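Dear colleague,

I am handing over the structure below, and my notes on what was found in it follow directly after. Please read them with the structure open beside you.

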Amino acid sequence: MAAPSMKERQACWGARDEYWKCLDENTEDASRCKKLRSSFESSCPQQWIKYFDKRRDYLKFKEKFEAGQFQPSKPTVKS
């Protein structure tokens, strides 16, 4: 795979930013952002999509953790 050109990178990042903005505005309801997700997927290499998805999950976790809103799951009792 050849490295994306500057225009391709900018298109990818713009599509990612629009998709993330939609998720933020719709309380993470991905069903309302299907068109933007499709645009994001068509604008970015697959490896980048995986990275950006993991990055968003991490940033949301970090945001909750720093705000003191993170609730760890309760350990299961083994019998």
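I start with Arg 56, which lies in helix α3; helices here are DSSP runs of H or I with at least four residues, strands are runs of E with at least two, and both are numbered from the N terminus. Please keep in mind that this is a predicted model, in which local features need pLDDT of at least 70 and side-chain atom pairs count only at pLDDT 80 or more, while totals for chains, interfaces and linings use all residues. Residues are numbered from 1 along each chain as its sequence is written, and side-chain values use heavy atoms, with hydrogens and water left out.

Arg 56 counts as buried because its relative accessibility is 8%, where buried means under 20% relative accessible area, exposed over 50% and partly exposed in between, with a 1.4 Å probe and protein chains only. Its side chain is joined to that of Asp 24 by a polar contact of 2.7 Å; such a contact is a pair of N or O atoms within 3.5 Å, of which, within protein, one must be able to donate a hydrogen and the other to accept it, and residues adjacent in sequence count only if both atoms are side-chain atoms. Leaving aside neighbours within four places in sequence, Arg 56 is in contact (heavy atoms within 4.5 Å) with Trp 20, Leu 23, Asp 24 and Glu 28. Trp 20, with its own neighbours within four places set aside, is in contact with Phe 52, Arg 55, Arg 56 and Leu 59.

Trp 20 also belongs to the largest nonpolar core, which has 11 residues in all, among them Leu 23, Phe 40 and Phe 52. The elements that give two or more residues to this core are α1 (6-25) and α3 (46-66), and α1 gives the most, with 6 residues. A nonpolar core is taken here as a set of buried Ala, Val, Leu, Ile, Met, Phe, Trp, Tyr and Cys residues joined through side-chain atoms within 4.5 Å.

Turning to the helix packing, α1 and helix α2 (residues 34-43) pack at an angle of about 155 degrees, with their axes 8 Å apart; axes are lines fitted to C-alpha atoms, for helices over the stretch in contact, and angles run from 0 to 180 degrees between N-to-C directions. The two helices α1 and α2 are therefore roughly antiparallel to each other, given that angles over 145 degrees count as roughly antiparallel, under 35 as roughly parallel, 65 to 115 as roughly perpendicular and the rest as oblique. The residues that make the contact include Ala 11, Ala 15 and Tyr 19 of α1, and Leu 36 and Phe 40 of α2.

The loop between α1 and α2 holds Thr 27, Glu 28 and Arg 32. Phi is positive at Thr 27, near 50 degrees, although the residue is not glycine, and likewise Glu 28, another residue other than glycine, has a positive phi near 65 degrees. Thr 27 counts as exposed at 71% relative accessibility, whereas Glu 28, at 42%, counts as partly exposed. Arg 32 is exposed, with a relative accessible area of 61%, and its side chain is joined to that of Asn 26 by a polar contact of 3.2 Å.

With best wishes
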